[in-house]
Amino acid sequence: MKYEKIIIANWKMNLGFNQSIDTAKELHLLLEKNDIGDKKQVVICPSFLSIYDLSKVLSGSMIALGAQDVFYEAKGAFTGEVSSENLHQAGCQFVIVGHSERRAMGETDEEVGKKTRAVLQYDMTPIVCVGEKLDQRKKAQTEEVISNQVKKALSEVEPGQYFILAYEPVWAISTSGSGQTITASEAAKQIELIKNAIPNHLRDFDIIYGGSVNASTVKDFTKNFAGVLVGSASLEAKGFFELIKNS
Ligand code: PGA
């Protein structure tokens, strides 16, 4: 385990440019004024467009920057895509790959593997999302789905390269529309399954949880997980600060 706790905000396509700057500044001030210990790693993943400016706003703060996606090729005729090198140059240290919302738009396990490799090539940390959908859970396919996703995502990772795996049951994400959440103890049951799917030569990783985490529930999840990936409850600085404090 590299950090005491890792708290990652995934702002998705929710905050505009100015709102992103204001929210990041407010969070930065709250973290500066209140001692939450120096071992928690806080990461904000804003829209691509806000990354570069946020890197200036947050320089010297305890908040690191992440991207919500990346393209796996280094350069070329890939209209609309953003490379790992560009993200690195803009100030990113982390990149989410394989989020279920991207998988729902057609991203394959193979692409997630290539994206993971591309992120590591630029010494950034991939946050690889895995998790079953509701119908897969109902058909008792959870184990098969997760271990398949983990194996394919990590197929090109080399020994000594650090990565984060985020277990996100798709149906438990606040905006999934299922209306359901998972208990922390049920989520924790998947930790062993995920560990077992990680190839033996890869030992440098942390496993975090994501899906409807808020300031009141975060502690239940961080008892067993190394951290959390937070969507809705990360959009407002004060609320997210409370969540970080409680983690
Ligand atoms: P949520 O989103 O916290 O709003 O459930 C988590 C995620 O999609 O990463």
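Good morning. Let me begin with a definition: two rings of Phe, Tyr or Trp form an aromatic pair if their centres lie within 6.5 Å, the six-membered ring being used for Trp. The model I am presenting is predicted, and by that criterion the structure contains seven aromatic pairs.

Consider one of these pairs. The ring centres of Phe163 and Phe205 are separated by 5.6 Å and the ring planes meet at 20°, so this pair counts as stacked; the cut-off for stacking is under 30 degrees. Phe163 belongs to strand β6, residues 163-167, while Phe205 belongs to strand β7, residues 205-210, so the pair links parts of the chain that lie 42 residues apart in sequence. Phe163 and Phe205 are both buried.

I turn now to the strands. A barrel is closed by eight strands, in the order β1-β2-β3-β4-β5-β6-β7-β8, with parallel pairing. From one strand to the next, the twist averages 25°. To take one example, strand β4, residues 94-97, pairs with strand β5, residues 125-130, through four bridges in the parallel sense. Within that pairing, Phe94 has Thr125 in β5 as its bridge partner.

Finally, the helices that pack on the sheet. Helix α1, residues 17-33, touches β2 (40-45) and β3 (63-67), and its direction makes about 150° with that of β3. Helix α8, residues 184-197, also packs on the sheet, where it touches β5, β6 and β7; the direction of α8 makes about 150° with that of β7. Thank you.

Notes:
Residues numbered from 1 in each chain as written. Predicted model: local features only at pLDDT ≥ 70, side-chain atom pairs only at ≥ 80, totals over all residues. Heavy atoms only, no water. Phe/Tyr/Trp six-rings, centres within 6.5 Å; stacked < 30°, edge-to-face > 60°. Helix = DSSP H or I, 4+ residues; strand = E, 2+ residues; numbered from the N terminus. Buried < 20%, exposed > 50% of the residue type's maximum accessible area, 1.4 Å probe, protein only. Pairing = 2+ DSSP bridges. Axes fitted to C-alpha atoms, helices over the stretch in contact; angles between N-to-C directions. Contact = heavy atoms within 4.5 Å.
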